[in-house]
Amino acid sequence: MKYSQWIGLAAAILVVIACYLPWIEIASLSKILTGMDTAGTNFGKPGKLHIIFCVLASVLFLLPLVWAKRVNWFFCALGLAWAIRNFLIYARCEMATCPERQYGLYLVLLGSVVMLLAALFPDMKIVEKTKKSS
């Protein structure tokens, strides 16, 4: 794919921005939680790990080296696994209280999928080495 590195970079930026957008709304507590602000709950700050994965993946998207593209698969796959984990944990019902999913949670999941797809199909120019004939 010709523009895969730029698509992956844009998806990483989308995930970082989505970490600050609303993820869920808990009506019984009158709270709207984001990936970086989970005050009053035991969720921690899962957006921090998303940001770390996105920064690493962004650097690897921009490097035109084969090893960087291979390592990028790993970080993008970890980012997608973390996004799926957050989607499942944040959206579950507890003690008869079901939170309402907000658009930030969906954007993190979508951006992580796009990052992995962009990492799987990098734009690499392969130079064939020829033997010297004496």
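Predicted model: local features only at pLDDT ≥ 70, side-chain atom pairs only at ≥ 80, totals over all residues.
Trainee: What span should α4 have, and what does the model give?

Mentor: Helix α4 covers residues 103–120, which is 18 residues. At 1.5 Å a residue it should span 26 Å, and its end C-alpha atoms are 26 Å apart, so the two agree.

Trainee: Which residues of α4 are buried?

Mentor: They are G104, L105, V108, G111, S112, M115, L116, A118 and A119. Seen down the axis of α4, these buried residues fall within an arc of 160°, so they line one face of the helix.

Trainee: And what covers them?

Mentor: The cover includes the helices α1 (4–18), α2 (46–62) and α3 (66–90). The strands β1 (22–26) and β3 (100–101) are also part of it.

Trainee: Switching to cysteines. How many disulfides does the structure hold?

Mentor: One. C93 and C98 form it, with their sulfur atoms 1.9 Å apart. The link is right-handed, with 115° about the S-S bond.

Trainee: Are those two buried or exposed?

Mentor: C93 is partly exposed, at 44% relative accessible area. C98 is exposed, at 51%, because the cut-off for exposed is over 50%.

Trainee: Last one. How many salt bridges turn up in the whole structure?

Mentor: One. The side chains of R92 and E94 meet in it, at 2.4 Å from N to O. R92 counts as partly exposed at 39% relative accessibility, and E94 counts as partly exposed at 37%.

Technical notes. Residues numbered from 1 in each chain as written. Heavy atoms only, no water. Helix = DSSP H or I, 4+ residues; strand = E, 2+ residues; numbered from the N terminus. Expected span 1.5 Å × (residues − 1). Buried < 20%, exposed > 50% of the residue type's maximum accessible area, 1.4 Å probe, protein only. Arc of directions from axis to C-beta. Contact = heavy atoms within 4.5 Å. Salt bridge = Lys/Arg side-chain N within 4 Å of Asp/Glu carboxyl O. Disulfide = S-S within 2.5 Å.
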